[in-house]
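Please walk me through how two parts of one chain meet in this structure.

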Amino acid sequence: MMTIREYKRAESLEEAWQLNQKKNNRVLGGMIWLKMEKLNVGTAIDLSGLGLDTVEETDEGFSIGAMVTLRQLELHEGLAAYTGGAVRESVRHIVGVQLRNLATVGGSIYSRFGFSDVLTMFLALNASVELYKGGIVPLAEYAARPYDRDILVRVLVPKEAASFCYQSVRNSQTDFPVLTCAAAKTAEGYRFVIGARPGKAMLFALKPNGAETPELTADRFAAEVRAQIKTESNLRGSAEYRNHLAGVLVKRAVRRLEA
Amino acid sequence: MQITITLNGKKVSADVAPDALLIDFVRSHGCYSVKRGCETSNCGLCTVFLDEKPVLSCSVLAARADGHRVTTLEGLQEEAAEFGGFIADQGAEQCGFCNPGFIMNALALFRENPYPSEEEIKEYLAGNLCRCSGYEGQLRGIQAFLAWKKSKEAAE
């Protein structure tokens, strides 16, 4: 269980950052995971008074505040329109509405969990994170970094000429995924992101070849992803099963995006 | 620390520990419908409305709710009794422990989507676990309630 000695609703990002430099202080997201950790927190830093709970859409893209909840993502019409419903699909299987009303984008992205549907989706969206001190960093780079003490302020999603597809396999509804797969079809080719391997999501960039039929492209991409991906076994599924699923989900994504 | 929460329409001020959870705050103020079923943010038994949204009160700091409105089943007696009767008519539940959280989230669903389809019902209530039943009775109860509501509205 987590204990907290002091609670502080930060009045500015600078104050939040200053407080967060102390090792036993913690920034609160939705507090879903944090409260289950065995942790003695000095000061719990709450960003909920900083207006970071909105999604702003422009012609260039989306700016998503760190405190936006997964439920807000799920219901956002602009994100649904841009991603063809992929963002909604990526979060709607996560536990329940009540949890998604609490869990935040910032908490999910900062945590960079292997099982994260959110990380899988936003990697495929070619997102970046805006850090208070570190500036704008591509999510693919941020995901590979160790945890640090900067403040994640926003997640930025550029608008590309692209179409998207999100799939996950779960042993039962609302459980953690056995495997996640987000795909983006852009002018340059395809991005596939496979998560819950069960390790952190991996990104694959593949190009269709003009001579191929969509069905052959799907087969080739599936074979390439299966050859490159590293999967492991845990109680939800074996490494071999996950490798097989990766091929199936990639094929289905290509079929859907070529249709 | 001193906080003030509008609990079921009444302003309540209290001195709480910085790590006090909302579930313990509302229970210590007499709202015993709010249950702790899992403590892993999974079961939905501790559902309350924070402002108008259903949330897991086991995962919210009481301090975070400072200045906000919190509604529990105790504050929705009429609405809850009207709907709960249809669940009881189906004999849907055995022990009833999950019932208050389930009713809270069902009421949240009807507020967002007054006439949900079967798929929409299942999706919205997926985060409410019941370990006695197979959820079939609850589903029949919800559908009977919606049919009754529709005929009542048509008659008005």
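About 1,400 Å² is buried between domain 1 of chain B and domain 2 of chain B, and carbon and sulfur atoms give 66% of that area. Buried area here is the accessible area (1.4 Å probe) that two parts lose on being put together, summed over both. On the side of domain 1 of chain B, the greatest losses to domain 2 of chain B fall on B:L45, B:F49 and B:L73, together 44% of what that side buries.

The model is predicted: local features need pLDDT of at least 70, side-chain atom pairs count only at pLDDT 80 or more, and totals for chains, interfaces and linings use all residues. Residues are numbered from 1 along each chain as its sequence is written, chains are lettered from A and ligands numbered from 1 in the order in which they are written, and side-chain values use heavy atoms, with hydrogens and water left out.

Where do the domains lie? Domain 1 of chain B covers 2-74 and domain 2 covers 76-155; the bounds come from an automatic or database domain assignment. Their centres, taken over C-alpha atoms, are 22 Å apart. Domain 1 of chain B puts 16 residues into the contact and domain 2 of chain B puts in 17, with contact meaning heavy atoms within 4.5 Å.

Now the charges. The two domains of chain B share 1 salt bridge, that is, a side-chain nitrogen of Lys or Arg within 4 Å of a carboxyl oxygen of Asp or Glu. A salt bridge joins the side chains of B:R111 and B:E52, at 3.5 Å from N to O.
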